[in-house]
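The exercises below are worked step by step. Look over the sequence and the structure first, then try each task before reading its solution.

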Amino acid sequence: MGCAGEYPGIPSAEMLDYQNHHTYGSLHRLATAYGKAINAAIKADTLHPGMYADYGVTLALMGHQGPACRMLNAEMNAFPESRPMVTRLKKQLIPEMMGDTLCGLRDTVNLDQLASWAYDSLTSLMTLPNVVSVIDSSDTAWLHRQTPTDSTERILRLTATQKRELLEQEVLEAERQKKARIDSIAAAKEAQIIAREKAKKEQATAREEAKAKQAADREQERARKAAEREEAKAKQAEERAKKAAEREEAKAKQAAEREQERARKAAEREEAKAQQAAEREQERAKKAVEREEAKARQAAEREQERAMKAAEREKAKSAKATEEEGGEEQ
Amino acid sequence: MKKRLHLLVILATIALAWGCKGEKKLVQYNDLYRERPAVIYIVPIEDKAEHRAQREVDDSLYNLSLNAATQHLYMTASAPLVYKGYYVLGPLATAQLAATETRTLKQLRNESINDYYSDLGIDAVLFIKVTKWENTFNSWSVDIDYTLRAAEHGTEIMHTFVHATKSVRTDFRGNPLPLKEDLAFAEKYGCDIETAQRCRLVEIVNEYILSDLPSGKRSRGTVIEPHAKTHPEYFSLCINPDGSIMLIDPPTEL
């Protein structure tokens with residue numbers, strides 16, 4: 001995990017801050033950090049792809065169109081494979097500077113500063129065509145003549161003083177050529193601007209038409225979807241009503257069944273009660289008869305006992321009378 | 001003597017490369033070697049773990065932490081590719097380009113992206129999709145899906161799905177105990193420890209996956225690189241508290 005926590009060319013803390021907050025302050029901090037990172041990268045010879053482009057985007061977002069254009073041009077020159085992407089970025093962010101490949105440079109840096117900066121970049125990166133094309137990219141013929149291999153070899157052969165002199169000469173030559181061509185470039189730019197405006201208008205008209213068509217399509221689609229939704233809703237409501245009716249019917253049927261069951265059970269209960277009452281009556285009558293019989297039996301027994309006792313008494317009386325009569329005779 | 005030492009080092013490197021577990025890079029990245037892209041464009045992260053917003057809707061800190069980690073994942077994706085010698089535009093410029101894209105990420109993933117090649121000179125487009133975030137008692141987990149598509153033909157030239165887990169030491173209350181690196185990260189980025197740990201997790205995963213790609217045109221690359229072993233297409237990795245990485249193959253949770 002060699003580079004964990006170190007990101008080449010990306011001030012990650014400021015970037016995360018900007019991504020989370022999207023404020024002007026965070027953007028400003030990000031731009032400052034990018035500037036420092038680029039300076040450090042140039043010094044350490046570790047310029048990574050995308051650094052200039054990101055810095056350019058931050059500057060453009062802050063409203064500094066000149067420096068932004070300069071940085072985007074620098075990216076294109078340092079990494080030629082980025083040209084289509086950066087051109088698209090320029091078109092998005094600074095469309096008014098599309099044809100300008102040197103914007104803002106002369107306003108911000110004087111020639112001596114430019115030469116010294118270019119020299120430092122040159123000695124660290126050994127990309128002479130890139131730097132010189134930043135100085136004057138309108139001189140494309142010169143740029144195409146110089147291939148990176150040629151320039152690198154030439155630089156390796158020259159001493160530092162010779163390199164500086166060579167660069168100053170080239171800068172002066174470029175400046176002279178630029179002054180001489182300024183009128184023709186201005187005219188060309190004007191023509192470009194007019195053509196661009198025309199193209200923009202055409203594009204805008206086409207866009208408007210496309211938008212209108214898309215809007216109409218969207219409306220149609222929306223209406224169709226709404227109708228489908230309504231239809232689906234009606235269908236659902238119908239389904240729901242049908243189900244509710246079925247439920248009601250089932251409920252009524254169940255209630256009737258329950259009533260019938262209840263009546264049947266009540267009748268059974270009544271019948272059982274009547275049967276029980278009759279049984280109880282029979283039992284009661286039977287018991288009464290038994291009681292009467294027992295009473296009669298007891299009365300008969302008592303009568304018998306009474307008769308027996310009376311007979312015994314009579315017998316005893318007669319025996320006594322007999323004894324008395326015997327005594328008298330004696 | 002020096003020559004012998006050089007020879008020994010080369011032999012040891014070759015032996016290590018052959019001895020490691022996994023498939024050869026030449027086989028795993030066959031399409032990538034054939035296409036040889038120079039410019040890679042990273043589309044904004046597709047965060048499919050959005051359901052957390054509904055589940056943890058009140059836990060704004062948790063959601064912020066995950067969002068920050070996703071942003072960090074996006075930012076740190078370009079660094080390993082740059083080191084491998086590819087041209088990658090910075091995150092801000094990429095986001096600016098992506099702002100004008102009318103197609104959805106799903107459409108970009110499935111439909112033709114030839115316009116990226118013809119209009120912007122991009123050779124390959126990298127799609128990164130976060131599928132799931134998970135936190136258990138003492139670990140943070142994330143599922144990330146990396147897909148690289150050739151812009152010219154629309155073919156998929158690299159696809160890796162990783163289930164990464166970072167083990168975290170916790171105190172007796174269950175709060176995560178930060179490492180020194182986590183503390184340094186949190187201090188530098190001005191975030192809390194949990195966010196720092198999640199950010200470091202995605203950063204390490206990015207580094208591990210993207211550093212493994214074959215070298216780009218800007219890098220010189222070694223002769224033995226295509227024969228070096230690499231990780232499988234679907235795998236799990238675990239980052240231990242001491243920072244070491246343990247590859248779990250085959251993945252248990254996929």
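**Exercise 1. Describe how strand 7 (residues 156-167) of chain B and strand 11 (residues 234-239) of chain B are joined.**

Solution. Step 1: strand 7 and strand 11 of chain B run parallel and are joined by six bridges. Helices (H or I, at least four residues) and strands (E, at least two) are DSSP runs numbered from the N terminus, and two strands pair if DSSP finds at least two bridges between them. Step 2: for one position, Phe235(B) in strand 11 of chain B lies opposite Val162(B).

The model is a predicted one, in which local features need pLDDT of at least 70 and side-chain atom pairs count only at pLDDT 80 or more, while totals for chains, interfaces and linings use all residues. Residues are numbered from 1 along each chain as its sequence is written, and chains are lettered from A and ligands numbered from 1 in the order in which they are written.

**Exercise 2. Find the sense in which strand 11 of chain B pairs with strand 12 (residues 245-248) of chain B, and describe the turn.**

Solution. Step 1: four bridges link strand 11 and strand 12 of chain B in the antiparallel sense. Step 2: Cys238(B) has Met246(B) of strand 12 of chain B as its bridge partner. Step 3: the two strands form a hairpin, with five residues between them. In its turn, Gly243(B) has a positive phi of about 95°.

**Exercise 3. Identify the neighbours of strand 2 (residues 39-42) of chain B and state whether its faces are covered or open.**

Solution. Step 1: strand 2 of chain B runs parallel to strand 4 of chain B, with two bridges. Here Ile40(B) is partnered by Val88(B). Step 2: strand 2 of chain B also pairs with strand 5 (residues 124-136) of chain B, in the parallel sense and over three bridges. In strand 5 of chain B, Ile40(B) has Ala124(B) as its bridge partner. Step 3: in a regular strand the side chains alternate between the two faces of the sheet. Step 4: both faces of strand 2 of chain B are covered, with Val39(B) and Tyr41(B) buried on one side and Ile40(B) and Ile42(B) buried on the other. A residue is buried if 20 or more other C-beta atoms lie within 10 Å of its own, exposed if 12 or fewer, and partly exposed in between, with C-beta atoms placed from the backbone.

**Exercise 4. Work out the span and burial of helix 11 of chain B, and its angle to helix 10 of chain B.**

Solution. Step 1: the expected span of a helix is 1.5 Å times one less than its number of residues. Step 3: helix 10 and helix 11 of chain B pack at about 105°, with their axes 9 Å apart. Axes are lines fitted to C-alpha atoms, for helices over the stretch in contact, and angles run from 0 to 180 degrees between N-to-C directions. Step 4: the two helices are therefore roughly perpendicular, a label for angles of 65 to 115 degrees.

**Exercise 5. State how many residues of each chain are in contact with the other chain, and which helix of chain B gives the most.**

Solution. Step 1: 32 residues of chain A and 30 residues of chain B are in contact; two residues are in contact if their C-beta atoms, placed from the backbone, lie within 7 Å. Step 2: helix 7 of chain B gives the most to the side of chain B that touches chain A, with five residues.

Technical notes. Angles under 35 degrees count as roughly parallel, over 145 as roughly antiparallel, 65 to 115 as roughly perpendicular and the rest as oblique.
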